[in-house]
Amino acid sequence: MKNILKTSVALVSILIGFTSCNNSGKSNGGSGALASNVAEKVYVPPGEYDSHYAFMSGGYSGNLTVYGLPSGRMFKEIPVFSQFPTNGYGYTEETTPMLETSYGFVPWDDSHHPDISQTDGVLDGRWIFINGNNTPRIARISLTNFETEEIIEVPNSAGNHSSSYITENTEYVVAGTRFSVPVPQRDMPIKDYKGNFKGALTFISVDPEEGHMDIKFQILMPGFNYDLSHPGRGKSHGWFFFTTYNTEEANSLLEVNASQNDKDFIAAINWKKIEEYVNNGGGTMMPANYAHNLYDEDTHMATSTMKKEVRVVNPSEVPGAIYLLPTPKSPHGVDVDPSGEYIVGNGKLSANLTVHSFTKMIDAIENKEFDGDAYGIPIIKFEDVLAGSVEQAGLGPLHTEFDGKGNGYTTFFISSEVVKWKLGTWEVLDRKPTYYSVGHLTIPGGNSREPFGKYMFAMNKITKDRYLPVGPEMEHSAQLYDISGDKMELLLDFPTHGEPHYAAAIPAEIIMNNVKKIYRLDENEHPRKATNESETKVVREGKNVHIYMTTIRSHFSPDNIEGVKVGDKVFFHVTNLEQDFDVPHGFAVIGANTAELLVMPGQTRTLTWEPKQVGVWPFYCTDFCSALHQEMQGYVRVSPA
Ligand code: CUK
Ligand code: CUA
């Protein structure tokens, strides 16, 4: 009864947006509560490096931001799904194909979950993957050049939220679908949802050398909402787990419909078994349009290819590959511990944390003890899979990470806290408030087989009084905790950019020595490059005028351009001849209504300009590059058509 009461309070709290009792002042976050040596623990002296990188999703900014830990300093915003006028991403000839989709050019998205590539279950720092939630896509970003190298669209999906988590050798990056939809899409009554809408779970293979993604297969699941996912690891490697809600298959999620079922499911997918089925020719190719966009580092150009079909598998085709694990109460995150044994279901309308056992699940499967198969998929009995539960842990559990020392750390949105608990005994060891209403948390490597521990940071949904007010909306806040001792210790509070949902973090030494500092000019294969000033030229092709231009401290070549007419389309192909670390040049021309260029050393980038007026118009370098930066300028003469 007590639980039921608590749960209803939680539900009401969510529905009315009540955000815990912690946001009523500064009593528990002010510096007075902190130990005196906290400053030392986050202080990175001038000129020294942070010990960890943190990559935070940008949420509605569509991008990925890079921070240092423990300082909380933001180093970079990497454009992924959104146009970025700061450097021309999504505007230049070279990068616009990255944002092509089957819906056309889509220069925005909502990115939630970055995940770093792994080898043998350990973060290897080669790539980071992130999902586009709204127009379903998965991106791969290189962690040598910190650029988006590939984006693949996910067909038959809508609300690509349960992504982009990867298997322990980066065999697959896996995408889900928050919304089930008609597959294939068609005109039909919405009320006929039940039984007709499908949830496509997508397994995208990753080439181990180049990282190139390819959709291997999609599983067409019942019409639930697939919220989050996590790979098995170690003993459960070969399985993937997805949380679901709306297992009622309701077409409207107004309260009455949404929480009828006391338990929803974690769907357990034996992907190895389905992979084997597909490798033997199983599944069906179905028509589906989706874009596959690739950036080539040698040509510095992106290309977009439209794919026409995808392989789909129905659960009934591969008996014994898919099971449903009952899990209370609308589980949000599902997180697998480093050993692969425990599958934590974070029931967001619950006060308890439900933990399933992989071993018990396998036993139940072998004994064929099921609770029926209401959806054509065997449902394992709750008692047969339950490992234990962390009782009265808090209100509204969302996400769990691990420290590799036998402890789980779970965020509770409604009670606005992080709770540390022990795997196996399920006892609560510590709890610390967050400011306020925490979503995800991250421990470096905390969702891999070998967490690096040391730090944990909480990403909070509401900021309110934490910083100087800057109007009705504040940047989101993050809090960094030291988790090396028995108790968590709050170290730092720092603002984040966009809305970070999840972050991936990794010790700096795994990445920093491989980071590219220039692009080699002698390897530049851009079709319109000019690798020395003697190759610069102005070429007219009908109405198109191509200007092969170079930059070097501190001039453009050519810097006086004539022969352009109103009605022409002018392409400034700017090659940066510099071969020194951190010497980009910029390019901007008056009236260009899109973006500027920032051109990295050795790179070629193209800005398109359609002059509307006769005249002599200036262009200049936008990046302060030398004492003669202000001399870095030129003119283009525009004559009548
Ligand atoms: S998340 Cu996407 S709604 Cu809990 Cu992973 Cu924030
Ligand atoms: Cu080049 Cu400023």
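Rings of Phe, Tyr and Trp (its six-membered ring) pair if their centres lie within 6.5 Å; planes under 30 degrees apart count as stacked, over 60 as edge-to-face and the rest as tilted. In this predicted model, Tyr 172, Phe 203, Phe 217, Phe 240, Phe 242 and Trp 271 form one aromatic cluster. The structure holds 28 aromatic pairs.

Local features need pLDDT of at least 70 and side-chain atom pairs count only at pLDDT 80 or more, while totals for chains, interfaces and linings use all residues. Residues are numbered from 1 along each chain as its sequence is written, chains are lettered from A and ligands numbered from 1 in the order in which they are written, and side-chain values use heavy atoms, with hydrogens and water left out.

**Aromatic pairs**

- Tyr 53 and Phe 55 are stacked, at 5.8 Å centre to centre and with 15° between the planes.
- Tyr 53 is buried at a relative accessible area of 15%, and Phe 55 is buried at 0%; buried means under 20% relative accessible area, exposed over 50% and partly exposed in between (1.4 Å probe, protein chains only).
- Phe 203 and Phe 217 also form a pair, which counts as stacked because the ring centres are 5.0 Å apart and the planes lie at 15°.
- Phe 203 belongs to strand β13 (residues 197–206) and Phe 217 to strand β14 (residues 213–221), so their pair ties together parts that are 14 residues apart in sequence.
- Strands (E, at least two residues) and helices (H or I, at least four) are DSSP runs, numbered from the N terminus.
- Both Phe 203 and Phe 217 are buried.

**Charges over rings**

- A charge sits over a ring if NZ of Lys or CZ of Arg is within 6 Å of the ring centre and within 35 degrees of the ring normal.
- Lys 348 places its charged end over the ring of Tyr 245, 4.5 Å from the centre.
- Arg 466 lies over the face of Tyr 435, with 4.1 Å to the ring centre.

**Setting of Arg 466**

- The loop between β30 (455–460) and β31 (477–482) contains Arg 466.
- Arg 466 counts as buried because its relative accessibility is 11%.

- Strands β27 (residues 417–422) and β28 (residues 428–433) run antiparallel and are joined by five bridges; two strands pair if DSSP finds at least two bridges between them.
- Opposite Val 418 stands Lys 432 in β28.
- Five residues lie between the strands of this hairpin, where Gly 424 takes a positive phi near 95°.
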